[in-house]
Amino acid sequence: MIWELNALKHLEAMVDITTRCNAGCPQCHRTNPLGLKKTDWLPDINWSLKQFKQALPGHIIKHMKIIDFCGTWGDAVVNNDLLSMIKYIKKENPECIICINTNGSLRNEQFWWDLGVAGGKNLQVVFCVEGTTQEMHENYRQFTFLDKILANMDILSNTPATIRTQTLVWKHNEHCLPEIEKLCMDHGSLRHHFVATDRWHDVDKLEFSIKGKPGVLEATSPDWQRKFRQTHQEKKEAENRPDYVRIDRRRFTTQTKKVSNTDKEFMKNLSKQSKTNKNNIACEWGNHNKVVINPDGQVLPCCYFCNPHFLNKHDPKIRIEFIDHPIMKEYKIYEKELNVFTNDLKNIINHKWYTEILPDSWRSDNPVRQCSKYCKNCAL
């Protein structure tokens, strides 16, 4: 068994509670590049507190280590019940870590104060900052406002909550990375992440339109990391040393902190697992005991599964090869049993699709491409 829910091994979940968002990011899954509004096929889903409690009842919450409001299809801060959800989590499990990834250009200062007070030291919020000026920032984060984001960070920084920041690196901002990092640190960020997207599909630019005018996003230079390191003076043991990560969030630079016993055990499990199957696939999310819950309630093993599944399920014009893989055909058979609105999460992760069918696929001659690509020889 890989995923499990018990008192000794806590569960992590990335939960997508809404398909609504105020931003219009050209490369986002939910965005139509022609006009930067949401795609026509995207359903309007916005969980109520009642639905959240149905999806994650108290007896499940008490076993959870991390609940991550990191939406692929929407920004959790849009949801009017978010504060109530956080209070509910804290009541049921005072030790649970609550993470929120957001563009941060929403709500008033009172909201951010109340959010920080409600989540307290358990709350970690990641704000997205793409530039040192509004023009640079909104080249990607369309319909968001840098001054408002920084003001909201200032308010939250006066609460026990933790602030982190993230920058998507493009051609237009790669020359300002040290300045962007400093700006974020000046407004309360304790750690900054740089992410270079790999969603290019053999091209190096993305053309879009906004208000009838053309726009373009260009991929980063191949040597942007080397240039950044050369221009960014950092102390080797600095607590705020930035992370350099790919879009799949795996680090590819050395870490400044010592590897914990938990991380050592995690890497040991990955190594052991990869040796038990012919394709050398070690499931990173499974060993983290982490799943994804899509806006429609479907529980999937990782973000590489949840995005194409949701897209194929809701857009009749799209047919991705992934959905025709034997393992996803099996998932389709049990789809209703693998949904938090029709089944208990404990039953789902103990379902044979998770305990037998998926792991068996790694030992077959035809593993899922996502598993083979991202979790073959994977390491922390």
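**Rings and helices: worked exercises**

Ring pairs join Trp47, Phe52, Phe69, Tyr88 and Phe341 into a cluster. The model is a predicted one, and the overall count is 14 aromatic pairs. Let's work through a few bits of it.

**Exercise 1.** Classify the ring pair of tryptophan 112 and phenylalanine 127, and find which elements hold the two residues.

*Solution.* Start with the geometry: the centres of tryptophan 112 and phenylalanine 127 are 5.2 Å apart, with 40° between the planes. Planes under 30 degrees apart would be stacked and over 60 edge-to-face, so this pair comes out as tilted. Next, location: tryptophan 112 sits in helix H4 (residues 109-119) and phenylalanine 127 in strand E4 (residues 123-128), so the pair ties together parts 15 residues apart in sequence. Last, burial: tryptophan 112 is buried at 0% relative accessible area, and phenylalanine 127 is buried at 0% too.

**Exercise 2.** Work out how helices H12 and H14 are oriented, and what makes their contact.

*Solution.* The axes of H12 (residues 326-333) and H14 (residues 352-362) come within 10 Å and cross at roughly 165°. The crossing is right-handed. H12 brings Ile327, Met328, Glu330 and Tyr331 to the contact, and H14 brings Trp353, Ile357, Leu358 and Ser361. By type, that gives 6 nonpolar, 1 polar and 1 charged.

How values were computed. Residues numbered from 1 in each chain as written. Predicted model: local features only at pLDDT ≥ 70, side-chain atom pairs only at ≥ 80, totals over all residues. Heavy atoms only, no water. Axes fitted to C-alpha atoms, helices over the stretch in contact; angles between N-to-C directions. Helix = DSSP H or I, 4+ residues; strand = E, 2+ residues; numbered from the N terminus. Parallel < 35°, antiparallel > 145°, perpendicular 65-115°, else oblique. Left-handed = near helix turned anticlockwise from the far one by under 90°. Contact = heavy atoms within 4.5 Å. Nonpolar A, V, L, I, M, F, W, Y, C, P; charged D, E, K, R; others polar. Phe/Tyr/Trp six-rings, centres within 6.5 Å; stacked < 30°, edge-to-face > 60°. Buried < 20%, exposed > 50% of the residue type's maximum accessible area, 1.4 Å probe, protein only.
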